[in-house]
Amino acid sequence: MSEPDTGENAARIAHSYKQLKEDFVSNLSGGSVIEVAQVCAVAPVVTLLWSVLQSRQSFFKPYTPLAFVIDYLLNVGALLLSVTLYSSSPILLNILLLTAAAFVYAVPPSTSSKKKQAKPNNAKATPSSSGLSALSTKPFLTNYRGNMMVVTCICILAVDFRLFPRRFAKVETWGTSLMDMGVGSFVYSAGIVASRPLLKERAEGKATPLSTRLIRSFRHSLPLLALGVVRLLSVKGLDYAEHVTEYGVHWNFFFTLGFLPPFVALFQSALAVVPSYAGLALLLSAGYQLILETTGLKAWILVGARDNLLSMNREGICSFWGYLAIFLAGQDMGMVVLPRSLGGSSPSSKTSARVLLTKMGTWAAVWLGLYFLATDFTYGAGLSVSRRLANLPYMLWVVAFNQALLFAFAVVDVVFFPQFYSAGAGGDARAEKEAYETATSRVLKAYNRNGLAVFLLANLLTGLVNMTVPTLHVGGLATMGILVAYMGAVTGVAVGLDVWNVTIKL
């Protein structure tokens with residue numbers, strides 16, 4: 001009897017395991033919108049607990065090694081627990097965190113905390129007269145974007161383990177899930193900060209020609225498109241498991257991100273007709289939805305043959321328009337939250353905070369109402385959410401959800417750190433910077449500062465783990481150990497870059 005060909009057996013085993021991994025993330029139906037909200041609510045609740053510790057006890061200032069450990073456990077560890085060990089009981093986790101916050105709040109504030117909050121600066125000065133920029137980096141925006149990056153980094157690796165619930169993984173076609181929300185939130189968050197150069201142009205009274213905007217946008221796109229090519233070659237070359245119906249045969253998320261800037265530059269020219277990014281987002285998404293419903297485009301995306309380059313990548317190409325609408329909606333919110341002055345030429349801190357929260361709350365209610373009208377079967381259009389199509393209901397769900405989440409972070413910010421708004425209204429740049437540092441988690445600030453570079457690192461580490469560890473055969477305890485070590489490495493690099501004052505722009 002001849003000995004078996006070990007090379008053929010190894011190849012057969014590798015192929016069967018690759019197929020097993022692809023099946024593990026395919027044909028999923030997701031979970032409920034309410035459950036996604038309950039899991040994501042952990043982020044602002046953790047920020048509430050962090051804010052109570054900081055505002056009442058000045059726990060994170062000075063930033064000692066113990067402070068870093070607690071910062072990591074709260075802003076990374078709690079989010080990791082919400083998608084693993086507490087995935088079936090996110091309400092319980094939120095209650096435990098709120099209970100801890102209430103306990104800390106009941107403890108008398110430290111002396112140093114009292115001194116920092118005593119007599120905020122009420123002097124009024126406009127940003128121009130004080131030397132402050134017309135734009136401000138608000139703590140709640142850093143906390144929101146940092147939390148979004150942390151959850152994204154956790155999920156892209158955790159999804160490959162059995163401990164991560166299948167209902168949290170990306171849905172095949174129709175339905176909602178945590179990771180479906182995550183990819184849309186990434187784009188929405190990018191849209192918010194992309195409004196910064198537009199606001200600077202307005203403040204300076206400049207109007208950049210379309211040709212100049214396109215050249216700048218292509219420069220910004222090239223690194224992202226290059227990353228998309230590198231990922232494509234890596235996946236194909238290493239025979240890495242892939243989910244074709246997610247974006248297509250060759251397309252990936254980096255290509256979507258890379259093509260956004262030039263198209264956004266083109267759509268900015270339409271502001272002369274529709275003077276609102278939110279209006280542009282709705283028109284684009286509604287027009288795309290109309291085409292889906294009245295032509296054969298929907299059927300072609302879902303069941304069409306893959307017989308040419310276009311059809312092979314139809315999911316990525318067609319869903320791009322939905323993501324573009326999400327990006328534009330994010331820009332619209334950026335025009336609200338980034339300007340320093342919100343209540344007149346020289347608003348008080350209370351006026352500024354009140355106007356900010358009113359605007360954010362109103363927009364959140366509007367988007368939630370539109371989502372209800374699009375998806376409700378009794379009072380609305382009864383449309384189903386589809387991340388694969390990035391259709392109108394998906395766009396409205398992502399935008400409404402992120403508006404509400406951002407509003408929650410803003411409320412925590414305004415309640416516990418009013419001195420930031422006092423400093424801004426008083427025109428004290430140094431006091432505002434100090435108040436920002438006081439009100440912002442060092443870990444979340446680090447994730448926000450180099451978000452795309454950290455995301456790339458997380459992708460590389462995810463690939464490394466998947467190539468060296470049979471993730472589908474790993475038990476719960478070992479899974480948690482791997483995820484904690486992985487997030488520790490990602491967080492360590494992110495915080496290290498921040499400590500060394502390094503900003504990597506891609």
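Contact means heavy atoms within 4.5 Å, and helices (H or I, at least four residues) and strands (E, at least two) are DSSP runs numbered from the N terminus. The model treated here is predicted: local features need pLDDT of at least 70, side-chain atom pairs count only at pLDDT 80 or more, and totals for chains, interfaces and linings use all residues. Residues are numbered from 1 along each chain as its sequence is written, and side-chain values use heavy atoms, with hydrogens and water left out.

**Exercise 1. Characterise the overall fold.**

Step 1. The protein chain has 24 helices and zero strands.

Step 2. Burial is set by relative accessible area: under 20% is buried, over 50% exposed, and in between partly exposed (1.4 Å probe, protein chains only). Of the 506 residues of the protein chain, 53% count as buried.

Step 3. Among contacts between residues at least 6 apart in sequence, 81% join residues at least 24 apart.

**Exercise 2. Repeat the analysis for helix H17.**

Step 1. With 24 residues (314–337), H17 should span 34 Å at 1.5 Å a residue; its end C-alpha atoms are 35 Å apart, which agrees.

Step 2. A bend of about 35° occurs in H17 at Phe320.

Step 3. H17 is mostly covered, with 22 of its 24 residues buried.

**Exercise 3. Describe the nonpolar cores.**

Step 1. A nonpolar core is a set of buried Ala, Val, Leu, Ile, Met, Phe, Trp, Tyr and Cys residues joined through side-chain atoms within 4.5 Å.

Step 2. The largest such core has 136 residues, of which Phe140, Val337 and Met395 touch the most other members. Helix H19 (residues 392–416) supplies the largest share of this core, 16 residues. Apart from this core lies another, of five residues, among them Tyr288, Leu292, Cys318 and Leu389.

Step 3. Beyond four places in sequence, Val337 touches Lys138, Phe140, Leu141, Ile192, Leu356, Met360 and Leu406.

Step 4. Phe409 lies in helix H19 and is buried, with a relative accessible area of 1%. The C-alpha atoms of Phe409 and Thr142 are 9.6 Å apart, although these residues are 267 apart in sequence.

**Exercise 4. Classify the aromatic and charge–ring arrangements.**

Step 1. Rings of Phe, Tyr and Trp (its six-membered ring) pair if their centres lie within 6.5 Å; planes under 30 degrees apart count as stacked, over 60 as edge-to-face and the rest as tilted. By this rule there are 20 aromatic pairs.

Step 2. The ring centres of Phe186 and Phe253 are 5.6 Å apart and their planes stand at 80°, so this pair is edge-to-face. Phe186 lies in helix H9 (residues 178–194) and Phe253 in helix H13 (residues 253–268), so the pair ties together parts that are 67 residues apart in sequence. Both Phe186 and Phe253 are buried.

Step 3. Ring pairs also link Phe186, Tyr247, Phe253, Phe254 and Phe455 into a cluster.

Step 4. A charge sits over a ring if NZ of Lys or CZ of Arg is within 6 Å of the ring centre and within 35 degrees of the ring normal. Arg56 has its charged end over the ring of Tyr105, 4.3 Å from the centre, and Arg166 lies over the face of Phe24, at 3.6 Å from the ring centre.

**Exercise 5. Locate the residues with positive phi.**

Step 1. Most residues other than glycine have a negative phi.

Step 2. Ala390, in the loop between H18 and H19, has a positive phi of about 50°. Ala390 is buried, with a relative accessible area of 0%.

Step 3. Asn501, in the segment after H24, has a positive phi of about 60°. Asn501 is exposed, with a relative accessible area of 58%.

Note on methods. Expected span 1.5 Å × (residues − 1). Bend = angle between axes of the 7 residues up to and from the residue.
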